[in-house]
Structures are given as C-alpha cells and as structure tokens.
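Here are my notes on the model, as numbered points. Please keep the structure open while reading.

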Amino acid sequence: MMMDNDMEEGNVGSYQDRPRTFPSMRSKTYTPMIIRIFMGMNSRLLLVLLLCTLVAVFYIGASTSPIIVLVFSICTASFIFALYLTKWVLAKDEGPPEMAQISDAIRDGAEGFFRTQYGTISKMATLLAFVILCIYLFRSTTPQQESSGLGRSTSAYVTVIAFLLGALCSGIAGYVGMWVSVRANVRVSSAARRSAREALQVAVRAGGFSALVVVGMAVIGVAILYSTFYIWLEVDLPGSMKVTELPLLLVGYGFGASFVALFAQLGGGIYTKAADVGADLVGKVEQGIPEDDPRNPAVIADLVGDNVGDCAARGADLFESIAAEVISAMILGGTMAKHCKIEDPSGFILFPLVVHSFDLVVSSAGILSIRGTRDSGLKTPIEDPMAILQKGYSVTIFLAVLAFAGSTRWLLYTEQAPSAWLNFALCGLVGIITAYVFVWITKYYTDYKHEPVRSLALSSSTGHGTNIIAGVSLGLESTALPVLVISVSVLSAFWLGHTSGLVDENGHPTGGLFGTAVATMGMLSTAAYVLTMDMFGPIADNAGGIVEMSQQPESVREITDLLDAVGNTTKATTKGFAIGSAALASFLLFSAYMDEVAAFAHSPFKQVDIAIPEVFVGGLLGSMLIFLFSAWACAAVGRTAQEVVNEVRRQFIERPGIMEYKEKPDYGRCVAIVASASLREMIKPGALAIVSPIVVGVIFRFIGHHTGHPLLGAKVVAAMLMFATVSGILMALFLNTAGGAWDNAKKFIETGALGGKGSDCHKAAVTGDTVGDPFKDTAGPSLHVLIKMLATITLVMAPIFL
C-alpha cells in the first residue's frame with residue numbers, strides 16, 4: 001500500500017535506491033488436489049499406502065513375467081534417484097530476496113495457467129473418451145477377438161481406460177516438467193553468482209529429475225497396463241486371448257498421451273511465443289531496452305511462458321513419443337512372433353520396455369558425469385557448456401550401446417534363427433548413430449560457433465529483409481541432411497531385420513518391420529538424457545531473466561547468457577531428435593494400422609495405390625492438413641502477440657515513469673492477456689487435427705460402399721497419413737531449425753559481434769528472432785506431435801473407416 005501511495009505522489013526513486021518487489025500472479029500458489037490430499041495425510045499412513053501400492057504393482061508384474069518385474073524395479077530405482085536430484089537442487093540457495101520474489105511471480109503465473117489449461121484439456125479428453133466408448137460399443141469385432149471371447153463392451157472399456165490413463169500420465173508428465181523448472185530457475189541464477197560450472201550442474205540436474213520421471217512414467221505406465229490386462233483378460237489360457245494380440249489393446253494409451261501432448265504444446269507454445277514476441281518488439285526494437293528488463297510489462301509473461309511452453313509441454317511431448325514408440329514396437333514384435341511361430345514371444349513383445357528401462361540407467365550415469373567442481377569463481381575461465389553436455393551425452397551413448405547389445409542377446413535370441421539377435425543389435429546401433437547424427441546436424445545449423453548461424457548474423461548487417469531471406473533459406477536447406485539420414489536408417493534397419501533369418505510358415509522373411517522398430521528404440525535409447533538437455537534450455541533462459549530483472553552484476557549475466565545460448569542449441573537438437581523419432585514411430589504405427597484394417601476387413605491390406613484418384617486426393621488432404629495446421633498455429637501467436645504489443649505500448653504511454661524506474665509496470669495484465677488468448681486459440685488447430693482424419697475416412701467410406709470399393713475409406717486415410725507424415729517431417733525440420741538459427745544469430749550479435757546490442761544489425765536480428773519464435777516453439781514442436789497423433793487416432797478409429 002505504501003508503494004502504491006508513493007507512485008501516486010510521484011515520490012518513487014530508482015529501483016536501485018528502493019527494495020525491488022515483484023507482484024504475485026495469484027493470491028496463493030496452486031497445488032493439484034491429489035498432491036494436497038497426500039500432503040495432508042499422516043506420514044506413517046502415507047508410507048503404508050506407498051508400500052501397499054509397490055507390493056500390488058510387483059505382484060501384478062510377477063504374475064505376468066519376470067521381465068516386467070525387472071522393468072518395475074529399474075523404474076522404481078530411477079524415481080528414487082530422481083528424488084535425490086530434487087533434494088540436491090532444492091538444497092541450493094535462492095539468492096537475494098529480489099531473486100526469490102521474481103521466481104515466485106513466475107511460479108504463480110505458470111501454475112495458474114497450468115491449472116486452467118489442463119482443466120480445459122481434461123474436459124475435452126472426457127468428451128473424446130465418451131465418443132470412443134460409443135464407437136467401440138457399436139463397431140464390429142475381429143475374428144481373433146471373437147475366438148478369444150473379447151466382446152465389444154470389454155474392448156470398449158479397455159480402450160477407454162487406456163486412453164484416460166495415457167491422458168492422465170501425460171498431464172502428470174507435463175506438471176513434473178513445469179514443477180521443477182519454476183523452482184530450479186532461481187537456484188541457477190544464484191549459482192551463477194558463484195561459478196558457471198555450478199550453475200550448469202544445477203540446471204542439468206533439475207532437467208534430469210524431470211527427464212527421469214517422464215521416461216520412467218511412460219515405461220511403467222505401459223508395463224502396468226500390459227500386466228493388468230494380461231491378468232484381467234486371462235491371456236494365454238485356453239479359449240482366451242493370445243499374448244501376441246495383447247499390445248493392440250494398448251493403443252488407446254498412446255492416443256491419450258498424444259491428445260494431451262498436442263494441446264499442451266499448442267497452448268504452451270502460443271503462450272510463450274506471444275509473450276516473447278510482444279516483449280521483444282516493443283521492448284528491444286521500439287524502446288531499446290535489454291531483454292528481460294524489469295521495465296518491460298511483458299517480461300514476467302515471457303518468463304512464465306518458458307515454463308508452460310518449453311518445460312510442461314515438452315515433458316508431455318516426450319512422454320507421448322516414448323509411449324507411441326513402445327506400443328508400436330510391442331505390436332510389431334507380437335505380430336512377427338506370431339507369424340514366425342516363436343514358442344515364447346514375450347521377449348519380442350517386452351523388449352521395448354527393457355530398452356527404455358536401461359535408458360533410465362545410462363542417462364542417470366550421463367547426468368552424474370557432469371560435476372561442478374572444476375571452477376571456483378567468476379574469474380575462472382569458463383568451460384564451454386556445450387562441450388560439457390556433449391561429454392555427458394557421449395558417456396550415455398557408450399553405455400546405451402552396451403545395454404542395447406546385452407538386451408538383444410537376452411530377449412531376442414531364438415533357436416529358429418540363432419544369429420537374429422545380432423542383426424537386431426545392429427539395427428539398434430543404426431538408431432543410436434542416427435540419433436547422434438541428428439543432434440550433430442541440428443547443432444551445426446543452430447549453434448553460432450558454426451558457419452550457417454554466423455552467415456545469418458552477417459546478413460542482418462544489410463537490414464531486416466536480408467535477415468529474413470537468409471533465415472528462410474537456411475531452414476529450407478537444413479531439411480536435406482536429416483531426410484537423407486532418416487532414409488538411410490530406415491532402409492538399413494529394414495534390410496538388417498529382413499536378413500535376420502526369421503521367416504513365417506511359408507518361408508517368407510518377416511523381420512524387416514521389426515528391424516525398423518528396433519532402430520527406433522535405439523534412437524530413443526538415450527531419450528532421458530536428451531530430455532535433460534532440452535529442459536536445461538528453458539531453465540537457463542529463466543535464470544537469465546531473473547538475473548536481468550534483479551539487476552545483478554554484468555559478470556553474472558554473461559554466465560547466464562552463455563548458458564541461455566547453449567540452451568537454445570540443446571532445445572533445437574532435441575526437436576530434431578524428436579522429429580527423427582516421430583518419423584520412424586509413425587512408420588511403425590502406419591504398418592500397425594494396415595494390419596488392423598486387414599483384421600477387421602477379413603482381407604489383405606498391404607499396399608496403398610495413389611494412382612486411384614480418391615486415394616491421391618486423400619494424400620493431398622494430408623499435406624494440406626500440415627500447412628493449414630501450421631498456418632493456424634502461427635496466426636494464433638501473431639494475434640495474441642498483437643494484443644501484448646498493444647498492451648505494452650499502452651503502459652509505456654500512460655505510465656511514462658516506467659522508463660525512468662519511477663513507476664512499476666502492470667505485469668499481471670500481460671499474463672492475463674496471453675493466458676486467456678492462448679487457451680482460446682489452441683482449440684481450432686487442435687480440433688482440426690482430431691476431426692480431419694475421422695471426417696475424411698467416414699466420407700470416403702460411404703463413397704466406397706456406393707461404388708463397390710469397401711476398403712476405400714481405409715485406403716484414403718492411409719494415404720492421408722502417409723502424405724501428412726512426409727510433409728510434416730519436412731515442415732517441422734524447416735520451422736525448428738530456422739527458428740533456432742534466428743534466435744542464436746541474435747545471441748551471437750549480443751556477444752558484441754557486428755555492433756553488439758542496440759545496433760541496427762541487432763535490431764534486424766531481433767526481427768528475425770520474432771519471426772522464428774512461433775516457428776520453433778509453437779508450430780514446429782506441435783507438428784511432430786500431430787504426426788504421431790494422426791497415426792494413433794487412425795489406428796484407434798480404424799473400424800469406422802470400413
């Protein structure tokens with residue numbers, strides 16, 4: 001109240017002469033109900049419940065397979081290690097009071113938006129679950145389901161339960177990502193006052209906590225669902241379902257995860273980039289103030305956006321990636337084992353769960369390899385943070401190769417083809433190499449140490465237009481190498497699987513698709529460490545904002561700027577990694593879709609002929625969907641950013657004392673604008689993604705029935721999925737790389753190159769960065785989620801296309 005009276009009387013001095021306080025975005029912080037319930041329970045009762053839950057889970061696993069028990073054990077150990085990382089990070093100090101106040105404002109804004117956003121998503125998920133239930137209650141059944149006694153109602157309830165569990169776990173994964181980032185940011189800022197290496201270690205360990213929980217939840221969620229259905233449906237007993245058919249019942253889990261991830265990515269991406277663009281255009285370009293300056297009314301909204309867009313959304317995104325890849329690989333492993341008449345198919349089915357369990361182990365080793373004891377002060381020469389992270393990644397990859405080889409020998413050895421396991425181990429090696437090459441390619445195109453970004457920065461010296469032209473051309477060029485790498489990896493893995501020696505009852509090789517699945521597993525076998533690097537980025541970005549707003553010494557800001565620039569590169573490399581895995585996972589889900597259609601139609605479905613006009617039209621519609629979705633996502637950022645720009649301009653005009661530190665900006669107003677607008681704007685592109693394949697499939701199903709082509713609807717949807725996957729991969733590569741390059745070109749100039757901050761060259765680079773913001777953090781990340789969601793929704797909805 002005293003400060004408000006001082007403002008009205010015009011007696012406010014500079015921020016440096018007065019206590020720097022920052023408002024809370026909410027009256028009290030938000031904690032999810034389930035966590036409040038647990039926190040209110042007696043500690044002994046909570047311990048008893050936890051032990052009972054663990055006993056029940058392990059009992060279910062032991063009743064299913066010893067392999068499941070191993071998976072549960074590793075996941076439990078990884079959760080315990082994640083708790084250790086949390087305790088280590090939270091034990092770090094929060095720095096001076098002004099840092100803690102800024103962090104509290106960011107935390108309150110992020111948690112408030114998360115609550116509202118996920119409340120909206122949960123309502124849509126409940127509605128969609130009801131639609132799925134109705135469809136499954138009235139759909140036909142396959143001969144396999146009829147012979148195993150799996151009726152329509154059981155199939156419907158199983159799919160809906162899997163869908164809701166996948167959606168719930170994806171939401172929890174998002175919350176975990178945000179929870180750690182809003183608490184770690186201020187601790188990284190405080191650590192940067194002491195040394196760069198300590199700040200790096202705090203950010204990495206905070207990201208590691210989130211990564212281990214997200215990957216562990218994805219693995220243990222699928223394992224629990226598999227074990228529960230195994231016991232409930234009495235799998236492998238006489239007259240019941242065979243274990244090779246069980247993975248198809250898990251598809252709903254992947255659909256639920258991708259549904260939540262898509263809306264989380266859209267809403268969070270619109271929020272973070274609208275705030276960022278609005279803050280940059282008025283603050284940097286028009287007013288000439290630094291990034292994250294406390295005088296900018298949109299700065300808190302920008303920092304909140306880093307958490308809800310880059311952390312919460314990315315946690316849900318990677319959760320969905322792993323869930324989709326695991327389920328698709330389990331389906332293909334079961335199908336191949338059935339065709340090859342393998343006596344014990346459990347190894348081929350559960351292999352993906354074991355691989356990702358070992359991912360938790362090797363990634364933990366990589367995280368621990370990054371230590372904070374090599375420098376002891378601000379004056380010590382700073383090691384390159386990217387080189388340190390790369391060393392940790394190299395440790396993780398080396399251990400992943402060993403774990404992968406051991407897993408294939410253990411689980412994929414069969415007397416029918418004694419050397420098949422070696423071929424599949426080589427498929428995994430192809431995937432691991434593909435992941436490493438993807439990370440290197442993206443780093444080359446987005447790190448300002450390399451020529452492409454430096455050339456882009458140089459183009460800024462001749463104006464805004466040449467910067468845009470150079471950025472677009474760089475993004476277009478960057479699609480070539482990743483596509484060549486994906487092509488080589490798909491063909492190599494397919495050939496290795498095809499020549500593994502596994503044949504069906506007619507003597508035809510059947511291991512090709514499973515070889516591709518194993519390569520996808522290899523690519524994601526270091527997913528937890530890759531997500532750690534990704535989470536590192538927004539945490540470092542937030543730390544830099546807190547340092548700037550609390551007006552710390554320039555030497556501290558230099559450290560956080562360096563970490564932020566590296567964070568931009570790690571975020572870009574993770575997106576490239578996600579696109580590559582999305583391409584391979586979609587290929588696997590597409591194969592599973594064709595098998596599902598063949599089972600329901602009681603006729604072979606092995607090819608899609610695009611020479612048929614209707615099928616060709618389906619392909620065109622798939623490509624159109626990608627461009628229209630991207631356009632709507634970018635336009636949503638643009639419209640919301642306009643509201644932010646107008647609000648920031650209004651405050652600068654109506655409160656001229658802001659620029660002289662005599663009046664405080666209304667941060668809460670900008671937070672409210674982007675929160676409400678992003679929730680409103682995420683609906684249209686998200687609904688387009690869900691409704692389009694269903695509408696197209698149903699329309700062409702009726703056309704096919706009237707023209708004597710009963711499979712026409714399924715074929716058109718298959719073409720739509722194929723073309724959307726191809727177009728989406730290229731578009732996502734372009735958007736992510738161009739946006740990351742524009743951002744780091746600006747960072748390069750801010751290091752003092754080409755005139756430094758405030759120069760005309762810098763202003764042109766800021767324009768490029770604002771153009772790239774919706775590319776790299778809204779449309780691009782949403783696209784690879786969209787690709788996988790299209791694959792899962794067509795698989796779940798396959799019966800209605802016939």
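1. Start with the core. This is a predicted model, and its largest nonpolar core has 271 residues. The residues with the most contacts inside this core are Y226, F259, I300, L353, F424 and Y593. Helix α8, residues 196-232, gives the most to the core, with 23 residues.

2. Look next at F259. What does F259 touch, leaving aside residues up to four places away in sequence? Its partners are I121, M124, A125, L128, F163, I690 and M789. F259 is also among the residues with the most contacts inside the largest nonpolar core.

3. Now the packing of two helices. α8 packs on helix α18, residues 527-549, at an angle of about 130°. Their axes are 7 Å apart. Angles over 145 degrees would count as roughly antiparallel, and 65 to 115 as roughly perpendicular. The two helices are therefore oblique to each other. The crossing of α8 past α18 is right-handed.

4. Which residues of α8 and α18 make the contact? On the α8 side they are L200, A203, V204, A206, G207, G208, S210, A211, L212, V214 and V215. On the α18 side they are A528, L531, T532, M535, F536 and I539.

5. Cysteines come next. How many disulfides does the structure hold? The count is zero. A disulfide would need two cysteine sulfur atoms within 2.5 Å. For the sulfur of C75, the closest cysteine sulfur is in C169, 12 Å away, so the two are too far for a bond. Seen from C169, the closest cysteine sulfur is that of C75, again at 12 Å and too far for a bond.

6. Are C75 and C169 buried or exposed? C75 is buried, with a relative accessible area of 0%. C169 is buried too, at 10%.

7. Two loop residues deserve a look at the backbone. Most residues other than glycine have a negative phi. K341 has a positive phi, near 60°, and is not a glycine. K341 sits in the loop between α10 (299-339) and α11 (346-368). The residue is exposed, with a relative accessible area of 54%.

8. Q551 is the other case to check. Its phi is positive, about 55°, although Q551 is not a glycine. Q551 lies in the loop between α18 and α19 (554-601). Is Q551 buried, exposed or partly exposed? At 23% relative accessibility, Q551 counts as partly exposed.

Conventions
Residues numbered from 1 in each chain as written. Predicted model: local features only at pLDDT ≥ 70, side-chain atom pairs only at ≥ 80, totals over all residues. Heavy atoms only, no water. Buried < 20%, exposed > 50% of the residue type's maximum accessible area, 1.4 Å probe, protein only. Core = buried A, V, L, I, M, F, W, Y, C linked by side-chain atoms within 4.5 Å. Helix = DSSP H or I, 4+ residues; strand = E, 2+ residues; numbered from the N terminus. Contact = heavy atoms within 4.5 Å. Axes fitted to C-alpha atoms, helices over the stretch in contact; angles between N-to-C directions. Parallel < 35°, antiparallel > 145°, perpendicular 65-115°, else oblique. Left-handed = near helix turned anticlockwise from the far one by under 90°.
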